[in-house]
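User: I am new to this structure. Please take me through some of its local features.

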Amino acid sequence: MIKKILIANRGEIACRVIRTARKLNINTVAVYSDADKDSLFVKQADESYHIGGSQPAESYLDINKIINIAKKSKADAIHPGYGFLSENAAFVKRLAKEKIKFIGPNPNAIKKMGDKIESKNLAIKLKLNVIPGHTAPVKNSKEALKISNKIGYPVLLKASAGGGGKGMRVIKNANEAEKGFNIIQNEAGMAFNNSEIYVEKFVENGRHIEVQILSDKFGNHLHLGERECSIQRSNQKLIEESPSLFVDDNLRDELTSKSLQLAKKVNYVGAGTIEYLVDDDKNFYFIEMNTRIQVEHTVTEMVCMIDLVKEQIRTYAGIELSMKQEDITMSGHAIECRINAEDPFNDFIPSPNKIDSLNFAGGIGVRIDSFIYAGYQIPTNYDSMLGKLIVHSSSREKALIRMKRSLQETFIEGPKTTLPLLEMIFENKDFNNGNFDINFLGKFLKNIKEKDNESS
């Protein structure tokens, strides 16, 4: 079994991995940048090492520094969390040479599934519907313009190694194509050390549904149902839930069986998520696979009562999954809200202020995954998410009530946050009735602005 894990990440996911490692009696090593020296995960880990400057390229993306600290601390495994190096095949190959376990899939699986272009081509071979687009990296901005004109606007520019809503941009016309390409290429290079971009048709309506899978080194593959992730802005999810009201038994069977086919095709090992866009007629289109733990894994944990990070660690330690498909039962309903340090009523401008005071909700069926505390200064260099508020109850109706109460109990003073917007969404009739798609949040915010203009 693994004895010591270095967590090559920060924030709430670092705290999340530490929590499970403690349950398994595994020691943890944190690495932190200048900006994160006072973060909670640094205090919680058994050992902590300064890794470099505040920019990701100087710290969390620096492969040599991470490996050197792993050796120095005698860590026998590295957990990458999500983002940063979590889907970097070159990093995994280096770890293999250094004989350090990677708590993630092998380089081949990452290349085929973690890479958005490779996974799309594989999905086509398996006769899965995919969103129309160009399935090769775009060379430059002029080629991006040419391809966009051919596909037809709107299009979506996506970083091949992207994730977490980063490295994506909707292009509405030819004037935006060249400029948009340069912006996304720079963002992708900064965030993922991979500036490859591809273009696909932007589907304006639909539901964002994803399937959680678990696999081990013994050829066992199982799914843990689906998550509804349609409440999002700029491809950044804000609210997730499991199961989806929209997905019936037939659709669920199709989505999960296709997802398992993909996993088996690449001999996948560990936790992974396969994402789909589903239209009103319940036709579904493969978007991508994330070969890592997802931010929203918590809602699956709540309805299945399975610690996904624990299963991740066990499978990469060469231990067989602790359950079979017939053992998986989804009980009740779970909802997650992301709490971000942003002004939701001013184009989501980041608000990296000092946290003067805070209170998180509690009680039965309420979970908080966070890394902040009173007096903490929010860094300006990273994602604005401060934490996640998750609730579970026996039905969606009861989960909605529990979330409304939990949002009312939660306050964070100092920065602007998404809490007021979340409270408003949970009062909305269409949301409560399940009448929404990926455009819901944009329309919701537009209505708020129109009402504000009328009253002023």
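User: How are helices H3 and H4 oriented to each other, roughly parallel or roughly perpendicular?

Analyst: This is a predicted model. The axes of H3 (residues 63-73) and H4 (residues 89-97) come within 11 Å and cross at roughly 30 degrees. Angles under 35 degrees count as roughly parallel. H3 and H4 are therefore roughly parallel.

User: Which residues in H4 meet H3, and how do the residues of the contact divide?

Analyst: From H3 come Ile-63, Asn-64, Ile-66 and Ile-67; in H4 they meet Phe-91, Arg-94 and Leu-95. The residues of this contact of H3 with H4 divide into 5 nonpolar, 1 polar and 1 charged.

User: How are helices H5 and H6 oriented to each other, roughly parallel or roughly perpendicular?

Analyst: The axes of H5 (residues 107-114) and H6 (residues 116-125) are 5 Å apart. The two helices pack at an angle of about 80 degrees. Angles of 65 to 115 degrees count as roughly perpendicular. H5 and H6 are therefore roughly perpendicular.

User: Which residues make the contact of H5 with H6, and how many of them are charged?

Analyst: H5 brings Lys-111, Lys-112, Met-113 and Gly-114, while H6 brings Lys-116, Glu-118, Ser-119 and Leu-122. By type, the contact of H5 with H6 has 2 nonpolar and 2 polar residues, and the charged ones number 4.

User: Is Glu-342 buried or exposed, and which side chain does its own side chain join in a polar contact?

Analyst: Glu-342 lies in strand S15 (residues 342-343). Its relative accessible area is 7%, so Glu-342 is buried. Leaving aside neighbours within four places in sequence, its contacts include Phe-348, Pro-350, Ser-384 and Lys-416. The polar contact, at 2.9 Å, is with the side chain of Arg-233.

User: Is His-79 buried or exposed, and which backbone nitrogen lies 3.0 Å from a polar atom of its side chain?

Analyst: His-79 is in strand S4 (residues 77-79). With a relative accessible area of 0%, His-79 is buried. Not counting residues up to four places away in sequence, His-79 touches residues including Ile-5, Ala-8, Val-17, Ile-103 and Gln-312. The backbone nitrogen 3.0 Å from a polar atom of the His-79 side chain belongs to Gly-81.

User: Where is Pro-154, and is the peptide bond from Tyr-153 to Pro-154 cis or trans?

Analyst: Most peptide bonds are trans. Pro-154 is in the loop between helix H7 (141-151) and strand S6 (155-163). Omega for the bond from Tyr-153 to Pro-154 is near 0 degrees, and the bond is cis.

User: What is omega for the peptide bond from Ser-242 to Pro-243?

Analyst: Pro-243 is found in the loop between strand S11 (236-242) and helix H9 (249-265). The bond from Ser-242 to Pro-243 is cis, with omega near -5 degrees.

User: What is the phi of Lys-127, and is Lys-127 buried or exposed?

Analyst: Most residues other than glycine have a negative phi. Lys-127, in the loop between H6 and H7, has a positive phi of about 65 degrees. Its relative accessible area is 73%, so Lys-127 is exposed.

User: Where is Asp-347, and what is its phi?

Analyst: Asp-347 is found in the loop between S15 and strand S16 (349-350). Asp-347 is exposed, with a relative accessible area of 60%. Its phi is positive, near 55 degrees.

Note on methods
Residues are numbered from 1 along each chain as its sequence is written. This is a predicted model: local features need pLDDT of at least 70, side-chain atom pairs count only at pLDDT 80 or more; totals for chains, interfaces and linings use all residues. Side-chain values use heavy atoms; hydrogens and water are left out. Axes are lines fitted to C-alpha atoms, for helices over the stretch in contact, and angles run from 0 to 180 degrees between N-to-C directions. Helices (H or I, at least four residues) and strands (E, at least two) are DSSP runs, numbered from the N terminus. Angles under 35 degrees count as roughly parallel, over 145 as roughly antiparallel, 65 to 115 as roughly perpendicular and the rest as oblique. Contact means heavy atoms within 4.5 Å. Ala, Val, Leu, Ile, Met, Phe, Trp, Tyr, Cys and Pro count as nonpolar, Asp, Glu, Lys and Arg as charged, and the others, Gly among them, as polar. Buried means under 20% relative accessible area, exposed over 50%, partly exposed in between (1.4 Å probe, protein chains only). A polar contact is a pair of N or O atoms within 3.5 Å; within protein, one must be able to donate a hydrogen and the other to accept it, and residues adjacent in sequence count only if both atoms are side-chain atoms.
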